[in-house]
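Subject: Structure handover and notes

Hello,

Here is the structure I said I would pass on.

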Amino acid sequence: CLGTIHDMHPRRDQPNLQESRRAAMPLEVKWPFPQCPRLPWKISSTVVMGLVGSYSYLWTKYFNCVTVHNQDVLFDLIDNRPPSTPLITLANHESCMDDPHLWGILKLRHLWNLNKMRWTPAASDICFTKELHSRFFSRGKCVPVCRGDGVYQKGMDFILEKLNSGEWIHIFPEGKINMTQDLIRLKWGVGRLIAECTLNPVILPLWHVGMSDILPNNPPYIPRVGQKITILVGKPFTLKHLVESLKSENKNPVEMRKALTDFIQDEFRTLKTQAESLHQRLQTTRQ
């Protein structure tokens, strides 16, 4: 499933970044990202992002019926935020095709602009088991994250570096496909990213309903057409004051991650209720 952080309880309180990088990463393939990407890499990555994005654009908008609320908020943050302001988008995880289908709501000019598109963590045991798969997903700006390896691992360090460069990161903080679609405890990986980011990221929650109707989670796994999807873009916020408050209280890293994740959990709870209400209204009016 694309874009999933699998964050288990950490084995230690606060290893530094150097320690994290020295730890062996149990990938079945070599680390896929070059330190300094050359032109062929950038071109191939642009093509992968553009083609997959264009497929999602067509499938979401024209083969199904999507209603997006407040999408201009997302567009404005992608296009107009300052270079020193990273963006973290968060969404619930209904289906293994949430990413890329979710980005079918973007403009083609976004989907074909490599520098503007998101990075996202992806399950290494699904997307990075073979070199060919690794080349494809890494050029789609998916970063391998290993199940059970905790919040301190190479993939998370890489994501944090991208945040510290002002880039856009998308996360499914539930950490897995939520088969029941009930509100579940969020993983703490997002808490680490916010706590340790050297900049002040803008956080934008999204909640979608109906993605699992496009690609059901039960066999046969055949994409459907003519389904109704509702996507609610929430209000952007920052957690700078909360982070500073937690540091002033000398909270340890585990306490900080929990407090930040709990705040986002509350935002998710509110957004979920609103999105489901909008989707129910959509279903009623179109029957």
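This is a predicted model: local features need pLDDT of at least 70, side-chain atom pairs count only at pLDDT 80 or more; totals for chains, interfaces and linings use all residues.

Residues are numbered from 1 along each chain as its sequence is written, and side-chain values use heavy atoms, with hydrogens and water left out.

Sheet

Helices (H or I, at least four residues) and strands (E, at least two) are DSSP runs, numbered from the N terminus. Two strands are taken as paired if DSSP finds at least two bridges between them. On that basis there is an open sheet of 5 strands with mixed pairing, in the order β1-β7-β6-β2-β5. The edges are β1 (65-69) and β5 (168-171); each has a single partner strand, so one side of each is left without a neighbour in the sheet. On average, neighbouring strands of this sheet are turned by 20° against each other, direction ignored.

Going through the pairings, β1 and β7 are parallel and share 5 bridges, with Thr67 bridged to Thr230 in β7. Strands β6 and β7 run antiparallel and are joined by 4 bridges; here Leu206 has Val233 in β7 as its bridge partner. Leu206 in β6 also stands opposite Ala91. Strand β2 (residues 87-91) and strand β6 (residues 202-209) run parallel, joined by 5 bridges.

For burial, buried means under 20% relative accessible area, exposed over 50%, and partly exposed in between (1.4 Å probe, protein chains only). Strand β7 (residues 228-233) is mostly covered, with 5 of its 6 residues buried.

Strands β3 and β4

Strand β4 (residues 142-145) pairs with β3 in the parallel sense, over 4 bridges. Pro144 in β4 is the bridge partner of Ala122. In a regular strand, side chains alternate between the two faces of the sheet. In strand β3 (residues 120-123), Thr120 and Ala122 point one way and Pro121 and Ala123 the other way, and all are buried.

Helix α8 (residues 154-164) has 8 of its 11 residues buried, so it is largely enclosed by the rest of the structure. Its buried residues are Gly155, Met156, Asp157, Phe158, Ile159, Leu160, Lys162 and Leu163.

Axes here are lines fitted to C-alpha atoms, for helices over the stretch in contact, and angles run from 0 to 180 degrees between N-to-C directions. The crossing of α8 and α9 is right-handed, a term for the near helix being turned clockwise from the far one by less than a right angle, with anticlockwise being left-handed.

Aromatic rings

Rings of Phe, Tyr and Trp (its six-membered ring) pair if their centres lie within 6.5 Å; planes under 30 degrees apart are stacked, over 60 edge-to-face, and the rest tilted. The structure holds 14 aromatic pairs. One of them is the edge-to-face pair of Trp31 and Phe33, at 5.6 Å centre to centre and 65° between the planes. Trp31 counts as partly exposed because its relative accessibility is 21%, whereas Phe33 is buried at 9%.

The rings of Phe33 and Phe158 are stacked, because their centres are 4.6 Å apart and their planes at 20°. This pair links distant parts of the chain: Phe33 is in the loop between α1 (17-22) and α2 (39-61), Phe158 is in helix α8, and they are 125 residues apart. Trp31, Phe33, Trp41, Trp119 and Phe158 form one aromatic cluster.

A polar contact at Asp99

Asp99 is in helix α4 (residues 98-101) and counts as buried because its relative accessibility is 1%. The Asp99 side chain makes a polar contact with the Trp103 side chain at 3.0 Å. A polar contact is a pair of N or O atoms within 3.5 Å; within protein, one must be able to donate a hydrogen and the other to accept it, and residues adjacent in sequence count only if both atoms are side-chain atoms.

Regards
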